[in-house]
Amino acid sequence: MLRRAPTTISLTQADIEQWEVDRQRKLHEAAQKLGATLAPSKPNAVSAKPKDQKQKTKQDRIMGGTGQDD
């Protein structure tokens, strides 16, 4: 059986700094993605049309409008 010298891994300060930069970037991207999925879309209440003509918009319910501006 042949013997080989054990494998050694050496880390330099540059390796550690690069790992930290990559880690921070991944955390930032994950936070951006999470923020995008959690942030509710805010349609403009004035121009928003209800999906169903019988359904009133939030502004119509609050202001007492009919929701039939057409």
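Leu11 is exposed, because its relative accessibility is 64%; exposed denotes over 50% relative accessible area, buried under 20%, and partly exposed the range in between, with a 1.4 Å probe and protein chains only. The model is predicted, so local features require pLDDT of at least 70 and side-chain atom pairs count only at pLDDT 80 or more, whereas totals for chains, interfaces and linings use all residues. Residues are numbered from 1 along each chain as its sequence is written, and side-chain values use heavy atoms, with hydrogens and water left out.

Leu11 is located in the segment before helix H1 (13-38). Together with Ile9 and Ile16, Leu11 makes a nonpolar surface patch of about 360 Å². Such patches consist of residues with over 30% relative accessible area and no salt bridge, nonpolar side chains (Val, Leu, Ile, Met, Phe, Trp, Tyr) being joined within 5 Å and like charges within 9 Å.

Across the chain, 2 helices and 0 strands are present; helices (H or I, at least four residues) and strands (E, at least two) are DSSP runs numbered from the N terminus. Of the 70 residues in the chain, 6% are buried.

The number of salt bridges is 2, a salt bridge being a side-chain nitrogen of Lys or Arg within 4 Å of a carboxyl oxygen of Asp or Glu. Arg23 and Glu20 are separated by about one helical turn, because they are 3 residues apart in helix H1. Arg23 is partly exposed, at 35% relative accessible area, and Glu20 is also partly exposed, at 32%.

A salt bridge is also formed by Arg25 and Glu29, whose closest N and O atoms are 3.3 Å apart. Both residues belong to helix H1, where a spacing of 4 residues places them about one turn apart. Arg25 is partly exposed, with a relative accessible area of 40%; for Glu29, likewise partly exposed, the value is 42%.

Terms used. Accessible areas come from the Shrake-Rupley method with a 1.4 Å probe; for residues, only the protein chains shown count as cover.
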